[in-house]
Structure formats: C-alpha cells, structure tokens
Amino acid sequence: MCVATSTGKRASVQPSPPWPIASWGPIRRGSSIRCRPGWRGGGPWGCRWMSEHGLPYRKIAIAGGSRGIGAALARALAAPGRQIALAARVAGQLERTAQDLRRRGAEVSCRAGDLSRPGAAADWLQAISRDNPPELLIIAMGLFGGRPAAGQPVPEAVSRRVIEVNLTGAIALAEAAAVRMRQAGQGRIVLISSLAARDPLPDAAAYSAAKAGLSNYAAALRTELAGSGVSVLLVEPGHVETRQAAQQVTQEAKPLPMIVPVEQAAERILRAVARGRSRLVFPRRAALALALLNALPRRWRAALMRDQRFTVDNGPLQPEEAPRPPCNG
Ligand SMILES: NC(=O)c1ccc[n+]([C@@H]2O[C@H](COP(=O)([O-])OP(=O)(O)OC[C@H]3O[C@@H](n4cnc5c(N)ncnc54)[C@H](OP(=O)(O)O)[C@@H]3O)[C@@H](O)[C@H]2O)c1
C-alpha cells in the first residue's frame with residue numbers, strides 16, 4: 001500500500017552543508033572513517049549523506065513521478081535514507097512505482113490526484129512539508145496534446161488541459177514550494193520544459209506555448225529567488241522514450257528524430273542537478289540542428305521540417321482509473 005510515511009529522523013536538511021554533519025564512528029582528521037550506509041566520509045568533515053550521484057538531498061518530491069521521466073528520476077534517486085514523495089493522477093501506476101522505490105530502500109509517500117486543480121499543488125506541498133519542505137522538488141508532470149489528424153484543428157478541450165497541466169499547474173506547484181523553501185533558506189526546484197519552448201511544434205502548438213511559458217517562468221523565478229538559498233534548474237529536453245513520445249504518430253511510423261532513452265535522460269538531469277546548473281538542454285545536437293534550421297529562410301525550413309510532422313493520439317484527458325484513497329499521503 002502506498003501510504004504517507006513519517007518523516008523519520010533527519011540529520012540535516014542542508015543540500016550542501018559546509019559543516020560536519022552527524023557522523024558515526026570515530027573521526028580522525030585526515031584519516032579514513034566508517035560511515036552508516038548511504039553516507040560517505042573522509043577528511044576532516046566526517047560523514048556526509050550522499051547518493052551515487054553525489055546529491056546530498058534526503059527529502060525529495062516528484063510531481064509526475066509515476067512514469068516516464070519522473071519515474072526514471074525517482075528510480076535513480078531511490079536509496080536507503082531517502083524520503084521520496086510522488087504525485088500523479090493514476091493511483092495504480094503510482095503504487096507500482098512506489099513499490100519499486102521501496103525495494104531500492106527509499107521511504108515513499110504518494111498522492112493520487114490532479115495537481116492542476118486549483119489549490120491541489122499547495123495542498124500536496126503542505127502535506128509533505130510538515131517539519132521541513134522538500135530539499136529537491138522535480139516538476140515532471142506533463143500532458144501532451146496536439147493535432148489529431150493532418151489539417152484538423154486541435155480540440156479546444158485539449159489546448160485548455162495542456163495549458164492547465166503544463167503551465168498553470170506547474171507554476172502553482174513551483175510557487176507553493178518556493179515560499180516554503182525560501183523560509184527554510186534552501187532548496188532546489190527542477191522544472192521540466194521542452195525543446196519545443198525554443199522551437200515550437202506546429203502539430204502541438206498549445207503544448208509549445210505552454211512550455212515556452214514555463215521556460216520564461218523558470219527564468220523569472222530564478223531571478224526572484226536569487227540570494228535566498230533556493231535555486232532553479234530549467235530542463236529543455238528533446239524527444240525522450242516515454243508515453244508522450246508514443247503519442248506522436250509520424251508519417252510511415254518513422255522514429256522521432258534523436259530520441260533519447262528515458263534512463264539516459266534521467267541521468268543527464270541528475271548530473272545537471274549535482275553540478276548546480278541553472279539550465280540544461282539536450283540532446284545538444286538536436287538543439288544545434290534546430291538553431292541551424294531557424295537560420296534558414298522560412299520556406300526552406302518548412303520543406304525540411306515536412307518529414308518531422310506528426311499527428312497526436314490525444315487519448316483521454318482525464319485518467320482512465322479513478323484515484324483510490326490508499327495512495328493518498
Ligand atoms: N517524452 C518527451 O519526449 C518529452 C520531451 C520534452 C519534454 N517532456 C516533458 O517532460 C515531462 C515528463 O514527460 P514524460 O515524457 O515523462 O511524460 P509521461 O510519461 O506522459 O509522464 C507524465 C507524468 O505526469 C503525470 N501527470 C499528468 N497530468 C497530471 C496532473 N494533472 N496531475 C498530476 N500528475 C499528472 C502522469 O501521471 P498520470 O497520468 O497518472 O497523472 C505521469 O506521471 C513533461 O512535462 C513533458 O512535457 C517530455
């Protein structure tokens with residue numbers, strides 16, 4: 001069952017503590033020391049809690065962590081000593097991902113619900129914050145939608161939902177976290193936008209507009225939070241092998257260009273988090289190809305892009321499965 005877990009005993013909530021944290025075993029300056037599982041030590045600082053990515057975050061929240069990029073990030077982060085809160089709409093998938101993370105040693109809580117509903121983001125943040133807000137919040141929730149057939153308009157309901165989830169919902173969540181993290185004097189917010197923010201997709205125009213809005217919002221939030229101890233990472237990926245990519249139906253079922261496996265995408269994002277970067281665009285060659293394409297006259301560009309057009313399987317805009325109470329935490 002996926003239920004709320006107690007926050008347990010925390011050694012520190014500092015993402016990158018410059019001072020010695022609680023240690024175990026004798027500490028001798030400059031000598032090797034023994035540390036608890038999940039902690040690394042050595043030198044004068046004693047033991048520091050670290051993952052294999054060198055990330056010191058212990059309390060992590062992932063919106064849209066049930067599948068796709070969010071779930072791959074959760075799997076890569078799951079380790080003994082970590083508390084991971086997941087949120088998404090479909091309880092069954094959340095439950096399966098939560099079980100996987102627990103097998104890897106993490107404490108997991110999850111919330112099944114639509115985070116784009118007014119007040120839902122703040123509610124979730126309130127529930128998982130209790131003593132302290134998450135040290136790392138990853139906003140990976142997203143909904144893809146676009147042109148269902150060549151020459152057909154995008155249904156209004158699709159455009160509205162796409163903007164509600166990818167832009168309004170993501171902003172509400174980032175705002176709710178920013179307030180709490182600022183009070184705590186620390187935190188890191190990761191927003192997953194898209195390369196479509198830089199180079200809009202004609203077959204998914206509302207999606208591209210939502211992502212452009214999110215990228216702009218991330219830049220504004222970064223400036224707003226400067227000096228507060230809270231940092232922002234904006235991620236703009238190209239195609240990644242997830243359900244979103246599967247919704248894009250290309251002519252003659254050609255594979256999407258320069259598509260990246262989901263585990264590789266997660267790895268790149270975590271490396272950028274560990275390095276303290278403020279922006280990550282990948283794959284680089286896709287960004288470069290788009291920049292070159294943009295330099296061409298519009299007619300040439302349209303001709304070259306013809307092969308890249310797709311239709312979209314919009315699927316159900318609401319989850320097929322009703323949220324079940326056991327996953328609420
Ligand atoms: N895959 C790509 O090619 C690609 C490229 C560029 C950017 N991105 C972006 O990367 C992010 C992750 O995408 P992905 O490829 O991993 O997509 P995905 O496999 O479709 O996963 C989306 C996640 O968001 C959750 N979600 C959707 N609507 C929600 C809502 N209203 N409230 C709460 N959770 C919600 C989904 O769970 P439920 O359905 O159960 O709610 C799922 O966990 C998205 O923002 C996406 O736009 C993806």
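These legends go with close-up views of a predicted model.

**View 1. The whole protein, before we zoom in.** Of the 329 residues in the protein, 41% count as buried. Take the contacts between residues at least 6 apart in sequence: 68% of them join residues at least 24 apart.

**View 2. An open sheet of seven strands.** Read across the sheet and you get the order β5-β4-β3-β6-β7-β8-β10, with parallel pairing. At the edges stand β5 (107-112) and β10 (279-282); each has a single partner strand, so one side of each has no neighbour in the sheet. From one strand to the next, the twist averages 15 degrees. As a bit of background, strands of a sheet pair through backbone hydrogen bonds, either parallel or antiparallel.

**View 3. β3 next to β6.** Strand β3 (residues 59-63) and strand β6 (residues 136-139) pair in the parallel sense, over four bridges. Which residue of β6 does Ala63 stand opposite? Look for Ile139.

**View 4. Helix α4 lying across the strands β3, β6, β7 and β8.** The helix runs at about 170 degrees to β7 (187-192).

**View 5. The largest nonpolar core.** This core has 83 residues, and the ones touching the most other members are Leu73, Ile84, Leu86, Ile139, Val190 and Leu191. Helix α4 (residues 156-184) gives the most to the core, with twelve residues. In soluble globular proteins, nonpolar side chains tend to be buried together. Now pick out Leu86: leaving aside residues up to four places away in sequence, Leu86 touches Ile62, Gly65, Ser66, Ala74, Leu94, Thr97, Ala98, Val108 and Cys110.

**View 6. The shell around the ligand.** There are 31 residues around the ligand, and Gly64, Gly68, Arg89, Gly142 and Thr242 come nearest. Which elements give two or more residues to this shell? They are α1 (68-77), β4 (83-88), α4 and α6 (243-246). Sort the shell by residue type and you get 14 nonpolar, 13 polar and four charged residues.

**View 7. Pro255, out in a loop.** You'll find Pro255 in the loop between β9 (248-250) and α7 (262-274). Is Pro255 buried or exposed? Pro255 counts as exposed because it has 10 C-beta neighbours inside 10 Å, and a residue with 12 or fewer falls in that class. Check out Gln308 too: Pro255 and Gln308 are 53 residues apart in sequence, yet 9.6 Å apart in space, C-alpha to C-alpha.

How values were computed:
Residues numbered from 1 in each chain as written. Predicted model: local features only at pLDDT ≥ 70, side-chain atom pairs only at ≥ 80, totals over all residues. Core = buried A, V, L, I, M, F, W, Y, C linked by C-beta atoms within 7 Å. Buried ≥ 20, exposed ≤ 12 C-beta atoms within 10 Å, placed from the backbone. Contact = placed C-beta atoms within 7 Å. Near = placed C-beta within 6 Å. Nonpolar A, V, L, I, M, F, W, Y, C, P; charged D, E, K, R; others polar. Pairing = 2+ DSSP bridges. Axes fitted to C-alpha atoms, helices over the stretch in contact; angles between N-to-C directions.
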